[in-house]
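The plan is to look things up one at a time and jot down what turns up.

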Amino acid sequence: MNNPHQHTDPHHHADAATPALVRHCDVAVIGGSAAGLAAALQLGRQRRAVIVVDSGEPRNAPVAHMHSFLGRDGTDPVELLATGRAEVRSYGGEVLSGRVLQTQRDGERFVVDLATGDSIVARRIVVATGLVDELPDVEGLTEHWGGAVIHCPFCHGYEVRDQRLVQLVTHPMGMHVVPLLRQLTDRLTVLVPDGVGIDQDEIDTLTAAGVDVRVNTTAQRVLADSDGRLTGVDLADGSRVEADAMLVGPRFRPRTEPFAGLGLSAASHPSGLGDVIEVDVTGATAVDGVFAAGSITDPGQQVLPAAAHGSRVGGAVAVSLAAEDVQTAARSSGSVADWDHRYSGDPVWSNPNGSLVAEVTDLAPGRALDVGAGEGGDALWLAEQGWEVTATDISSRALHRIQAEAGRRDLQVACQLADANALEPFLRSGFDLVTAAYASIPRTPDLRGVHNVLGAVAPGGTLLVLSHDLDAMRDPQHQHRPFDPEAYLHINDFRAVLAGTSTWTIEVDEKRPRPAGSASAAHHADDRVLRARRTS
């Protein structure tokens with residue numbers, strides 16, 4: 001699989017006969033809701049390799065709309081997350097659907113084990129797994145959670161204004177929101193079960209203000225009509241309170257199970273309603289290198305503050321990485337580490353791509369650039385056909401393999417360590433043929449990688465881009481692979497740029513069966529092939 005990055009095929013999950021895939025990055029963000037995505041976005045904009053692992057269990061999953069988010073009030077949370085994922089991917093950040101089983105430290109790195117059997121090695125971890133709300137044991141309550149049963153007067157109180165509202169108090173802290181609810185509706189009933197210690201003066205003040213406070217009253221069942229609308233609450237004493245909506249302050253617990261191996265533990269929240277992860281102002285936890293963001297650190301955060309917290313924590317993580325790199329005079333790249341690791345085993349992707357052979361055979365040999373040459377299958381084949389080849393990759397291990405094999409075959413191949421997203425990585429207009437086969441070039445908002453590749457083609461020269469069929473890769477059977485194709489440039493990006501200029505002619509743009517013999521032919525039935533000629 002070619003790449004600025006290499007010539008391998010990370011798009012399929014290892015089968016039973018193949019070792020699980022190990023990915024490397026700068027930061028692993030566990031949890032892909034507002035806080036986690038905001039942290040990842042901040043880090044991506046600092047040119048850090050980020051992998052987000054999201055189990056798809058946001059705390060606000062039951063609700064249809066979120067509120068008090070400036071500029072996005074009333075937005076479906078699903079829409080917000082989709083937009084957030086796209087923004088993270090636009091900077092090359094990957095968002096994986098999956099579940100983390102455990103995390104552990106390995107020297108100066110962290111190892112994140114996924115349920116698929118794959119793992120991620122990272123320099124930092126951001127915990128953004130959020131909280132789980134634990135509702136009171138009242139029949140019918142769960143069915144209305146996130147709809148007619150709300151938990152926050154700021155999140156959804158306005159939507160139940162002037163309705164018959166019943167508040168179920170499960171803890172003394174629950175009384176703090178009663179004055180807010182009284183402002184929203186004059187038809188408010190507060191149920192206080194036996195055993196919840198409430199100050200009598202507080203009850204007297206609320207009663208004098210017109211609030212119906214019923215002490216030592218237990219809610220037994222939530223009622224609904226034939227259309228499913230909430231209509232009331234049956235009490236343990238046999239009475240009934242008519243209602244259109246309810247507010248419940250649930251207990252909560254943090255999703256910390258995957259981090260027990262790091263010694264990360266929760267502490268009791270001052271409210272007494274549950275536990276949280278304690279962090280300092282930067283989001284750093286008590287475990288060095290582990291940060292936390294979002295509601296797992298503060299249960300009172302709405303979506304907007306959670307996103308803001310994630311952004312701030314992402315910035316703090318970037319600062320910590322930069323400070324560490326300065327000490328070693330390095331500009332470290334998680335992407336380089338990822339591909340170097342891929343080339344630490346036996347050669348796998350060393351044959352020329354069949355589609356490249358088919359498209360190039362009839363071209364007159366000249367100067368050729370292989371972008372992301374990997375193990376050199378294409379570059380070596382081109383050299384054998386008489387091309388003057390420059391092979392580029394971000395992995396020095398990949399280039400060493402090419403050099404060794406070229407020497408063994410007595411071929412001349414120039415090897416160049418280059419990143420397709422760098423500033424002027426290739427000789428401009430310097431090549432008669434530029435190939436990018438299955439190129440895993442991280443996406444950037446300005447599509448710099450596309451423009452750099454196109455810029456290397458000489459007038460009259462040929463561009464050849466090979467890609468997996470993206471529609472097939474989006475199939476649900478691939479959803480838990482440890483690689484996110486949406487974070488990388490695709491053939492459609494090249495085609496869009498080419499279509500917007502008069503200096504190129506697209507000669508081939510098609511989907512075709514993948515040639516036999518490819519290392520991943522069993523996982524990808526179809527290829528996309530784009531061949532274009534630069535006319536001037």
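**Pocket.** I began with the second largest pocket, which has a volume of about 1,000 Å³. A note to myself before going on: this is a predicted model. I listed the lining and got 40 residues, with Gln46, Arg47, Arg48, Ser333 and Asp419 nearest the pocket's centre. Next I checked which elements give two or more residues to that lining, and they are strand E1 (22-30), strand E2 (50-54), helix H6 (303-327) and helix H7 (334-342). H7 has the largest share, with 5 residues.

**Main core.** Then I went for the largest nonpolar core, which holds 26 residues. Which of them touch the most other members? I found Val371, Phe426, Val434, Val453, Leu454, Leu463 and Phe494. At least two residues of this core come from each of strand E20 (367-371), strand E23 (431-437), helix H11 (448-455), strand E24 (457-468), helix H13 (491-499) and strand E26 (526-534). H13 gives the largest share, 4 residues.

Setting aside neighbours within four places in sequence, I see Val434 in contact with Leu369, Val371, Val453, Ala456, Val457, Thr462, Leu463 and Leu464. Another core, of 24 residues, lies apart from the largest one; Ala373, Ala379, Leu399 and Ala437 are among its members.

**Helix H11.** The buried ones are Gly449, Val450, Asn452, Val453, Leu454 and Gly455. I also looked for what covers them, and the cover includes E20, E23, E24, H13, strand E25 (504-513) and E26.

**Arg443.** Is Arg443 buried or exposed? Its relative accessible area is 17%, and the cut-off for buried is under 20%, so Arg443 counts as buried. I then followed its side chain. It reaches the backbone oxygen of Tyr488 at 3.0 Å, and a polar contact of 2.9 Å joins it to the side chain of Asp493. Not counting residues up to four places away in sequence, Arg443 touches Arg89, Ser90, Tyr91, Gly92, Glu486, Ala487, Tyr488, Leu489, His490 and Asp493.

Time for strands. A reminder for myself: strands of a sheet pair through backbone hydrogen bonds, either parallel or antiparallel. I traced an open sheet of 5 strands in the order E8-E15-E9-E10-E11, with parallel pairing. Its edge strands are strand E8 (149-150) and strand E11 (212-215), each pairing on one side only. E8 pairs with strand E15 (residues 245-248) over 2 bridges, in the parallel sense. I looked up the partner of Val149 in E15, and it is Met246.

**Hairpin.** My last stop was strand E12 (residues 219-224) and strand E13 (residues 230-235), which pair in the antiparallel sense over 5 bridges. Ala219 has Leu235 as its bridge partner in E13. E12 and E13 form a hairpin with 5 residues between them. In the turn I noted Gly228, with a positive phi of about 85°.

Methods
Residues are numbered from 1 along each chain as its sequence is written. This is a predicted model: local features need pLDDT of at least 70, side-chain atom pairs count only at pLDDT 80 or more; totals for chains, interfaces and linings use all residues. Side-chain values use heavy atoms; hydrogens and water are left out. A nonpolar core is a set of buried Ala, Val, Leu, Ile, Met, Phe, Trp, Tyr and Cys residues joined through side-chain atoms within 4.5 Å. Buried means under 20% relative accessible area, exposed over 50%, partly exposed in between (1.4 Å probe, protein chains only). Contact means heavy atoms within 4.5 Å. Two strands pair if DSSP finds at least two bridges between them. A polar contact is a pair of N or O atoms within 3.5 Å; within protein, one must be able to donate a hydrogen and the other to accept it, and residues adjacent in sequence count only if both atoms are side-chain atoms. On a 1 Å grid over the protein atoms alone, a cavity is a set of points where a 1.4 Å probe fits but cannot get out, and a pocket is an open set with protein on both sides within 12 Å along at least five of seven lines; lining residues have an atom within 4 Å of a point. Grid points are joined across faces, edges and corners, and a volume is the space filled by probe spheres set on the points.
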